[in-house]
Amino acid sequence: MTRPDPRRRANRAWLLVLPVVVSVAFTAVIPLMTVVNFSVQDVFSPTDRVFVGLDWFYEAVRRPENREAFVRTLLFSAQVLLVEIPLGVAIAVAMPRRGVWVSVALVLVALPLLIPWNVVGTIWQIFARPDIGLGGWTVANLLGVDYNYTLDSTDAWITILVMDVWHWTPLVALLAYAGLRSIPQPYFQAAQIDGASAWATFRHIQLPRLRGVLTIAILLRFMDSFMIYTEPFVVTGGGPGNATTFLSILLSKMAVGQFDVGPAGAFSLIYFLVVQILCYVFFTALTRSGR
Amino acid sequence: MADIRLEGVAHSYDGGRTWALRPTTWTWRSGRAYALLGPSGCGKTTLLNIISGLLTPTEGRVLFDGRDVTGVPTAGRDIAQVFQFPVLYEEMSVYDNLAFPLRNRRRPKQEIDRRVREVSRLLGLDPVLGRRSRRLDPGRQQIVCLGRGLVRHEVAAVLLDEPLTVVDPALKWTLRSKLKEIHRDTGHTLIYVTHDQTEALTFADEVVVVNEGAIVQAGEPAELFLSPAHEFVGHFIGSPGMNMLPAEIAGGVVRVAGADAGAALPDTAAQAALADGEKLPPGPVRIGVRPEFVELGAAPGVPARVSGVDRMGAYDLVHALVGEHPVVARTEAGTAYEPGAAVCLRFPPERAFLFRDQVRCGSLGPLTGKGAA
Ligand SMILES: Nc1ncnc2c1ncn2[C@@H]1O[C@H](COP(=O)(O)OP(=O)(O)OP(=O)(O)O)[C@@H](O)[C@H]1O
Ligand SMILES: [Mg+2]
């Protein structure tokens, strides 16, 4: 988030920063302050509220279902990154660099990205059904796997994960493809002269030059998967049981479903902080290792 | 090591509409140091890439010691090539960069270490051997690339594509002499691409001059200087380049501005093609003579007018006009010629040549009595 830099002495700078300050205030700070407001009060009715200090924060950390959802979401994000980043890079490497197939490949790869979140959920909810869905039916009947995502926790988890991979690997692939395209031809020529294998060329020429775009891809995919809501909500509704109740689903149940705005506020502030910290850690680790 | 032969090799990047390299037949002999000299865009890099296999020629064959390698990819050719700008494995150390070509070829560990240290010592890379290569300045990076090109023992040739462009001038000199030294020690065939004549002439056993996608002349530096076979070689080598003066052959005598410049002697090659065996056919020619060999003085000679004098310190350049065609003569420093003075130019036999359609057809000989008007 852009904030006015205190080191700036020139007063005119304030004037230039003002529009950003105002828009950030309206879009981020003021809504956030409302949440902060809720998080330190117990609200009985619009006129009747009590200041409770950090009670809701302790409560949020202590509640077992919060902890479970946190671990679950972290695990999900980790799996998403572990699958989507290597897969996306592999797709990018395999995509043609020249000729008529470039545009065909680009369109095919970009297709899943063009579908709205809730439509993706709806598609997969039907696609994965073992009775009428093509995917679910194939797995259950042709491969003979006992598969039903509405009853089995593991099946539900895998369904959500595969759906996310299908939906978002293309983003990683496109970013990586752009990164690969920017590598000058002499690097590949030098690798040929030096007798580098395809793997060595990838490892020592392509991968180092993907660092920048992969940093972005990792951050985007982490934030997005850590805050995943719509797709599991549409496909499994967080079930069966709590198997796919990720943090944001839990949070919305708490805030909207049970109208527990105090705990929900405290919880979402912690959530927000965790996302920030993890992004910072990723970013620092990735940029440091490149120096 | 091998003789590298190009047979009718030609290349077009656009399916035959224009030719970056015209059909060329040429043999690079094993163990020699060649300079490939030509202006920007004349096809030098194209020629190198065809030798190394980065490019498959549109036409013709490439032979290594008689073995046809036209379809063989780079990896199967044992060629080292250094590019114009540093191409490094940036996240690797300098040591690993140097070792990379050997590791890919699975050489034994001790051999790799020995070769890397040898090359690093030769090129003065010892102090930075452990550094990450991307942290070096571009000049040093290019030296690392040079090292990567020299680290392999068994290469058929080392191709250097304007390797010293990014290196600063003071270091250039040192590196070029290092390269010569390395060439003497290893006996590798070297092909050194440059558009700088001094670089080419000081480096090579043999200089190959390329223009517009064709080899126009090859020879030792002195040969190119003293006996150019093509107008382009005359212009491109020497500074200032060769004078070109329009003239006319009539009755076996070359006439310029109403005066006799000398007898027209056909080159032996041209002679064979001539029916009467003795004389060049009459008609327009151009006399090519280097400023170093133009003699100034009183009559007899080609009458001219001094138009200016450049005092270069070690020598003077006297500019003169024959009719309206400029001629430059290089004289000793402190010449007494002043602008406007009338002067006669003489072109010494064996140092002045006749060109038709840019190609040399003969030379200027001494005037015998019968030719004089
Ligand atoms: N990849 C390419 N695609 C199309 N045309 C090319 C390509 N590479 C070179 N050319 C053209 O072929 C001709 C010869 O190019 P080449 O690179 O061999 O010249 P060069 O002698 O190496 O020049 P320089 O001194 O500038 O490096 C030029 O006219 C150039 O524009
Ligand atoms: Mg070039």
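## Helix pairs in chain A

In this predicted model, helix α8 (residues 185–193) of chain A packs against helix α9 (residues 198–209) of chain A at an angle of about 165°. Their axes lie 10 Å apart. α8(A) and α9(A) are therefore roughly antiparallel to each other (angles over 145 degrees count as such). Their crossing is right-handed, a term for a near helix turned clockwise from the far one by less than a right angle. Axes are lines fitted to C-alpha atoms over the stretch in contact, and angles run from 0 to 180 degrees between N-to-C directions. Helices (H or I, at least four residues) and strands (E, at least two) are DSSP runs, numbered from the N terminus.

A second pair is α5 (residues 117–127) and α7 (residues 153–181) of chain A. The angle here is about 130°, with the axes 11 Å apart. α5(A) passes α7(A) in a right-handed crossing.

## Ligand 1 in chain B

Residues around ligand 1 include Tyr13(B), Pro39(B), Lys44(B), Thr45(B) and Glu162(B) (a heavy atom within 4 Å). By class, the shell has four nonpolar, five polar and two charged residues. Ala, Val, Leu, Ile, Met, Phe, Trp, Tyr, Cys and Pro count as nonpolar, Asp, Glu, Lys and Arg as charged, and the others, Gly among them, as polar.

A backbone N or O atom of Lys44(B) lies 2.8 Å from an oxygen atom of the ligand. For Cys42(B), also through a backbone N or O atom, the distance is 3.2 Å. The protein covers 56% of the 630 Å² of accessible area that ligand 1 has on its own (Shrake-Rupley method, 1.4 Å probe).

## Backbone features in chain B

Glu162(B), one of the residues around ligand 1, has a positive phi, near 40°. Glu162(B) is in the loop between β7 (157–161) and α5 (169–186) of chain B.

A cis peptide bond joins Ser239(B) and Pro240(B), with omega about -5°. Pro240(B) sits in the loop between α8 (231–236) and β11 (243–250) of chain B.

## Basis

Residues are numbered from 1 along each chain as its sequence is written, and chains are lettered from A and ligands numbered from 1 in the order in which they are written. Local features need pLDDT of at least 70, side-chain atom pairs count only at pLDDT 80 or more, totals for chains, interfaces and linings use all residues, and side-chain values use heavy atoms, leaving out hydrogens and water.

Notes:
A polar contact is a pair of N or O atoms within 3.5 Å; within protein, one must be able to donate a hydrogen and the other to accept it, and residues adjacent in sequence count only if both atoms are side-chain atoms. Angles under 35 degrees count as roughly parallel, over 145 as roughly antiparallel, 65 to 115 as roughly perpendicular and the rest as oblique.
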